[in-house]
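Dear colleague,

My notes on it follow directly after.

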Amino acid sequence: MTISVTTFGKINLSLRSGPVDEHGYHPLRTVFASLDLRETISVTPASEFTLRVANDPAGLVPLDESNLATRAAKLLAERVGRRPDVAIEIVKGVPVAGGMGGGSADAAGALLALNELWEIGLHPRQLAAIARPLGADVPFAVLGGVALGTGRGDSVQPVPSAVPLHFALAFQDEGISTAGAYRAYDALSPRALNQDAESALLAALAAGDLLAIGAELHNDLQPVALQFIPRLAQVMDLATGQGALGVIVSGSGPSVAALARDADHAAEICAAWLASGTVSGARTAVTVTPDEAREASSATHAAFA
Ligand SMILES: C[C@](O)(CO)[C@H](O)COP(=O)(O)OP(=O)(O)OC[C@H]1O[C@@H](n2ccc(N)nc2=O)[C@H](O)[C@@H]1O
Ligand SMILES: Nc1ncnc2c1ncn2[C@@H]1O[C@H](COP(=O)(O)OP(=O)(O)OP(=O)(O)O)[C@@H](O)[C@H]1O
């Protein structure tokens, strides 16, 4: 029997970070949103653990013990006291090292699929708690939707969002290491977190006010991404010139997200980017509702091999 689940890439509509703590992590307040960039994770009983990754032509995803889906499977097996005797297949849909949480989505997918296959019966909230040591973004990747992340970004509470948000996304060939981005951020001497800095964004999301949402998009890591890849400033200006309602670097970068009025407007921004030669790829994406995320992440099909 094979169990397949879909999990999603994300952007941070708002990301604010305080200075590094004694554990080398940064206290965050971030508003996550799942986008319809899909990772499919399939698990099948096997005599020993194996991992296959499809749709990664450049071979960027590690296949060793550092793979986040492998780590997730082994962590869950250990928690329930069994062998991780499973074959995992991942079909990538999120660009690797683009600041869009693809590896975290794979870890989340492995947890959700194995929870079904091994009939563990944990609630997604319990899986999100188990997921914390795998990475700060993994608890949100388990739950999906639109949510406020605090702590390291790993304490996640859903927030209301009234309308779908259409984005144009611009990708780059080179990646930015998340740890490297936070290290460079420290050199900017960040100040302590303001505890309600995202309240205007949350109000705009609840009201479905696209103009206000666009104006409130914010990323403290953006200056760092622009230092690493100065061309991103041009990419952002191009989207603004096309009438984007707001433009940000996604997470630790280097992907850029431009909020559009609707799907057609998002496609126009992508066309302008592709014509400019400043991006390695571009596509439109829309936010995924909590219901869609929940449905996709509970075993979508169980097929008998
Ligand atoms: C940039 C974001 O994607 C925004 O959601 C996340 O903050 C990063 O989440 P992630 O990739 O799951 O991060 P992890 O795998 O936990 O950590 C990678 C590295 O990022 C840095 N890190 C991450 C999260 C955080 N709150 N503070 C940090 O300083 C640490 O140096 C850590 O060694
Ligand atoms: N299953 C996986 N898929 C992709 N990358 C993985 C995976 N497991 C481990 N990695 C490693 O994690 C690194 C970051 O990959 P990922 O695509 O998750 O980046 P990201 O989207 O920038 O992450 P984030 O937004 O969470 O900071 C990759 O360079 C790769 O070495």
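Ala 105 touches Thr 7, Phe 8, Gly 9, Glu 39, Val 94 and Ala 141, when residues up to four places away in sequence are not counted; two residues are in contact if their C-beta atoms, placed from the backbone, lie within 7 Å. Ala 105 has its place in helix H2; helices (H or I, at least four residues) and strands (E, at least two) are DSSP runs, numbered from the N terminus. With 34 C-beta neighbours inside 10 Å, Ala 105 counts as buried. For that term, a residue is buried if 20 or more other C-beta atoms lie within 10 Å of its own, exposed if 12 or fewer, and partly exposed in between, with C-beta atoms placed from the backbone.

Two remarks on conventions are in order. The model is predicted: local features need pLDDT of at least 70, side-chain atom pairs count only at pLDDT 80 or more, and totals for chains, interfaces and linings use all residues. Residues are numbered from 1 along each chain as its sequence is written, while chains are lettered from A and ligands numbered from 1 in the order in which they are written.

Helix H2 and its surroundings

Helix H2 comprises residues 102-117, 16 residues in total, and reaches 22 Å from its first C-alpha to its last, close to the 22 Å expected at 1.5 Å a residue; the expected span is 1.5 Å times one less than the number of residues. Because 14 of its 16 residues are buried, H2 is largely enclosed by the rest of the structure. Just after H2, Glu 119 takes a positive phi of about 50°. Gly 103 also lies in H2 and counts as buried, with 28 C-beta neighbours inside 10 Å.

The UniProt record (unreviewed entry) places a "binding site" at Pro 95, Val 96, Ala 97, Gly 98, Gly 99, Met 100, Gly 101, Gly 102, Gly 103, Ser 104 and Ala 105. UniProt positions are given in the numbering used here, feature names are shortened, and annotations may be inferred rather than shown by experiment.

In helix H1 lies Ala 73, which is buried with 25 C-beta neighbours inside 10 Å. Leaving aside neighbours within four places in sequence, Ala 73 is in contact with Phe 49, Pro 84, Val 86, Ile 88, Ala 110 and Leu 114. Ala 73 and Val 43 are 30 residues apart in sequence and 9.9 Å apart in space, C-alpha to C-alpha.

Lys 10 is placed in strand E1 (residues 2-17) and is buried, with 31 other C-beta atoms within 10 Å. Beyond its neighbours within four places in sequence, Lys 10 is in contact with Phe 32, Ala 33, Ser 34, Leu 35, Met 100, Gly 101, Phe 140 and Ala 141.

Asp 137 is found in the loop between helix H3 (124-130) and helix H4 (138-143). Asp 137 is buried, with 28 other C-beta atoms within 10 Å, and its contacts outside four places in sequence are Gly 101, Ser 104 and Gly 153.

The two ligands

Ligand 1 is surrounded by 19 residues, of which the closest are His 26, Gly 135, Ala 136, Asp 137 and Arg 152; a residue is near a molecule if its C-beta atom, placed from the backbone, lies within 6 Å of it. The elements that give two or more residues to this shell are E1, strand E2 (28-45) and helix H5 (178-186), and H5 gives the most, with 3 residues.

Around ligand 2 there are 21 residues, and Leu 68, Gly 102, Gly 103, Asp 106 and Thr 178 come nearest. Here helix H1 (68-80) and H2 are the elements that give two or more residues, with H2 giving the most at 4 residues.

The chain as a whole

The protein chain has 11 helices and 12 strands, and 49% of its 305 residues count as buried. Its C-alpha trace spans about 55 × 45 × 35 Å along the principal axes. Residues 24 or more positions apart account for 76% of the contacts with a separation of 6 or more.

With kind regards
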